[in-house]
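Keep the 3D view open while you read.

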Amino acid sequence: MTTLLEPQVEVKVEPPLALLAELTHRCPLRCPYCSNPQALAGRSDELPTEAWLDVLAQAGRLGMLQVHLSGGEPAARRDLEALVQGARAAGLYTNLITSGFLLDRDRLERLKQAGLDHVQLSVQDSEATGADRIAGLDGAHARKLAIAPVIRAAGLPLTLNVVIHRHNIARVPDLIALAVSLDAARIEVAHAQYYGWGLDNRGALMPTRAQLETATAQVSEARERLKGRLVIDYVLPDYYARRPKACMGGWARRFMVVAPDGQILPCHAAPTIPDLPFPNVRETRLNEAWFRDPAFARFRGTDWMREPCRSCDRREIDWGGCRCQALALAGAADAVDPACALSPLHEQLVALAERESATDAPAFRYRGNSV
Amino acid sequence: MSTPLTADSRPRLVVHARLQHDAVRDRWVVQAPERLFVLDEIAYAVVSRCGNGLSVAEIAAALSAEFDAPVDEILGDVLALLQDLADKGIVHDHPA
């Protein structure tokens, strides 16, 4: 008698597409919506050059195609040029996400020589007073405007990145015009996301629904007008949305993050989730983490979902939204993301956003800084 | 609005876009900041001929020979594909 083996139902896990390499948490700026964790890694916690070079080589072999060299301010790493070279050698499209500080003409030329593909420069506003207040540093805006043409002169393509909130939302058209005048090929207009520092400062950042609608219409108009000249990426805030965004394109589906201390994460906020230990590049290879680590598998795909997500026809569009937001607002990482109208907490969340945005903005709680 | 491409345009990838073979998945892609364009066989045949100073008409003629298809039909398809990439900020006209 023969035994027929049950066919194994196996969900095929695709390799990741991009690596977010958070080289350091050190930064001269103190933006109150910083995406770094509240417990910042210090310089002595950071991975050494050889470890990063190994991570980049592994990323290429694993099938990743792009790397975002980020921070903190990645230029605070003196080995940035070597890391760019390593990234290009691994076949990665190499994007530097920078405040523009700690860069000058010589360094930009060295980075270009090393193979840097693209620079993404943050600005905080289109006018200096507001911009410097967000950055927590006088003169910050002027330095950004001064470095943009130096980036272009080094032959590097430029994206301008701006986080939108109640204090600068009225100047979305000016920010788009600024991108054109600085000869950027792309601008990322990203509404503040309310985790970590952003959540602490939510009342100080949240725009009104009317402000959001105006800005969204302005972006649509500019997109059409500037088609072929300026690419505009627009990231919506989700408190006023009906359905959540696909956070990171879905948990452990496209992105891998390596934190300054070597933690391997599916998203930079994931360590806020309790009882979910993540591997570290000091002990674990990236491919083991991606394909075999339980923390990466925990919220991947749709198997982890409960109702109403489980039977939702959008479950493979938004992948259940953001687990960290579910944890922060609903108290459980596997709860429905309250940004979704199907969450029992959604109406409360919208009411909160409406109330906070209509109240005088409280003072910022700035993140700490150090370089 | 960018100038529409014509049969005489000499298209090439913008400086921040890179054509690359994705070895792990065995496919051709164009890389750009936060974007990845996966090329099918036809798109690869077109994009890989951009940037050599060839006009759209010359690219269409080469493809017509390679795929044994009427050049008029091919020209329309090639223009539509390149215009789409131009609107996305990936291809531009770069006269010799």
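At what angle do helix 1 and helix 2 of chain A pack, and how far apart are their axes? Helix 1 (residues 49-62) and helix 2 (residues 80-89) of chain A pack at about 20°, and their axes are 8 Å apart. Bear in mind that this is a predicted model.

**Helix 1 against helix 2 in chain A**

- Angles under 35 degrees count as roughly parallel, so helix 1 of chain A is roughly parallel to helix 2 of chain A.
- Helix 1 of chain A goes past helix 2 of chain A in a right-handed crossing.
- On the helix 1 side of chain A, the contact is made by T49(A), W52(A), L53(A) and L56(A). Helix 2 of chain A brings A82(A), L83(A), G86(A) and A87(A) to that contact.
- Sort the residues of this contact between helix 1 and helix 2 of chain A by type and you get six nonpolar, two polar and no charged.

**Helix 2 against helix 3 in chain A**

- Helix 2 of chain A also packs with helix 3 of chain A: their axes come within 8 Å and cross at roughly 20°.
- Helix 2 and helix 3 of chain A are therefore roughly parallel to each other, and their crossing is right-handed.
- From helix 2 of chain A, the residues L80(A), E81(A), V84(A), Q85(A) and R88(A) meet R107(A), R110(A), L111(A) and A114(A) of helix 3 of chain A.

**A helix pair in chain B**

- Over in chain B, helix 2 (residues 56-67) and helix 3 (residues 71-87) cross at roughly 125°, and their axes come within 9 Å.
- Helix 2 and helix 3 of chain B are therefore oblique to each other, with a right-handed crossing.
- Helix 2 of chain B puts V56(B), A57(B), I59(B), A60(B), A61(B), L63(B) and S64(B) into the contact. Their partners in helix 3 of chain B are V71(B), I74(B), L75(B), V78(B), L79(B) and L82(B).
- The residues of this contact between helix 2 and helix 3 of chain B come out as 12 nonpolar, one polar and no charged.

**Where chain A meets chain B**

- Here 21 residues of chain B are in contact with 29 residues of chain A.
- The two chains, B and A, bury about 2,000 Å² between them, and 52% of that is on carbon and sulfur atoms.
- How many salt bridges are there between chain B and chain A? The count is two, while the count over all chains is 27.
- In one salt bridge, the side chains of R18(B) and D117(A) meet at 2.5 Å, N to O. R18(B) sits in strand 2 (residues 18-22) of chain B and D117(A) in the loop between helix 3 (105-114) and strand 4 (118-123) of chain A, so this pair joins two chains.

- As background, most residues other than glycine have a negative phi, and most peptide bonds are trans.
- G71(A) and G72(A) are joined by a cis peptide bond, with omega about 5°. You'll find G72(A) in the loop between strand 2 (66-70) and helix 2 of chain A.
- The peptide bond from E307(A) to P308(A) is cis too, with omega near 5°. Look for P308(A) in the loop between helix 11 (294-298) and helix 12 (315-318) of chain A.
- L102(A) isn't a glycine, yet it has a positive phi of about 65°. L102(A) is in the loop between strand 3 (93-98) and helix 3 of chain A.

Methods: Residues are numbered from 1 along each chain as its sequence is written. Chains are lettered from A and ligands numbered from 1 in the order in which they are written. This is a predicted model: local features need pLDDT of at least 70, side-chain atom pairs count only at pLDDT 80 or more; totals for chains, interfaces and linings use all residues. Side-chain values use heavy atoms; hydrogens and water are left out. Axes are lines fitted to C-alpha atoms, for helices over the stretch in contact, and angles run from 0 to 180 degrees between N-to-C directions. Helices (H or I, at least four residues) and strands (E, at least two) are DSSP runs, numbered from the N terminus. Angles under 35 degrees count as roughly parallel, over 145 as roughly antiparallel, 65 to 115 as roughly perpendicular and the rest as oblique. A crossing is left-handed if the near helix is turned anticlockwise from the far one by less than a right angle, and right-handed if clockwise. Contact means heavy atoms within 4.5 Å. Ala, Val, Leu, Ile, Met, Phe, Trp, Tyr, Cys and Pro count as nonpolar, Asp, Glu, Lys and Arg as charged, and the others, Gly among them, as polar. Buried area is the accessible area (1.4 Å probe) that two parts lose on being put together, summed over both. A salt bridge is a side-chain nitrogen of Lys or Arg within 4 Å of a carboxyl oxygen of Asp or Glu.
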